[in-house]
Amino acid sequence: KQAPKLALAAGLRWHLYLSHIWSTGQDACATIKTQLQLLLPNVKIFLDVDDLKDIGMLEEYIEESQVVVMFLSRGYFRSRNCLRDVRAAIEMGKPLILVHEADPGKGGGTLQ
């Protein structure tokens, strides 16, 4: 099998930007990145532990990303940096993918 070709618009560096709160979402986001890279070897995914050079540049990293994935776990909407991610993604009109944590220990649970 041949890996699919992934289009990346001109001027962008990443297909996905993984937005999460470190305390409850970092492990899951690292797993998401690893699994996507196994399925799509050429995918470029921004994850802070791998790519963050300056916390003051969050908005620039989002600007250079095609899609923003928000990993919603306990504390996400109380995090100043996560709210910066949300605000920047919405203001820039980036497509959003919401992923809800399922582990109750990390703020997850059913959506009912």
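Lys33 is buried, at a relative accessible area of 8% (buried means under 20%, exposed over 50% and partly exposed in between, with a 1.4 Å probe and protein chains only). The model is predicted: local features need pLDDT of at least 70 and side-chain atom pairs count only at pLDDT 80 or more, while totals for chains, interfaces and linings use all residues. Residues are numbered from 1 along each chain as its sequence is written, and side-chain values use heavy atoms, with hydrogens and water left out.

Lys33 forms a salt bridge with Asp50, with 2.8 Å between the closest N and O atoms (a salt bridge is a side-chain nitrogen of Lys or Arg within 4 Å of a carboxyl oxygen of Asp or Glu). This pair links distant parts of the chain, as Lys33 is in helix H1 (residues 22-39) and Asp50, 17 residues apart from it, is in helix H2 (residues 48-51). Helices are DSSP runs of H or I with at least four residues, strands are runs of E with at least two, and both are numbered from the N terminus. Asp50 is partly exposed at 44% relative accessibility. The side chain of Lys33 also meets that of Asp51 in a salt bridge (3.7 Å, N to O).

## Glu64 and Arg13

The whole structure has four salt bridges. One of them joins the side chains of Glu64 and Arg13 (3.6 Å, N to O). Glu64 lies in the loop between helix H3 (58-63) and strand E3 (65-72), and Arg13 in the segment before strand E1 (14-19), so the pair ties together parts 51 residues apart in sequence. Glu64 is partly exposed, with a relative accessible area of 25%, and Arg13 is also partly exposed, at 45%.

Asp85 lies in helix H4. Asp85 is buried yet has no salt bridge, and the nearest side chain of opposite charge, Arg84, is 6.3 Å away (Lys and Arg count as positive, Asp and Glu as negative; His and the chain ends are not counted). The side chains of Asp85 and Tyr17 are joined by a polar contact of 2.9 Å (a pair of N or O atoms within 3.5 Å; within protein, one must be able to donate a hydrogen and the other to accept it, and residues adjacent in sequence count only if both atoms are side-chain atoms).

Ile90 is found in helix H4 (residues 80-91) and is exposed, with a relative accessible area of 55%.
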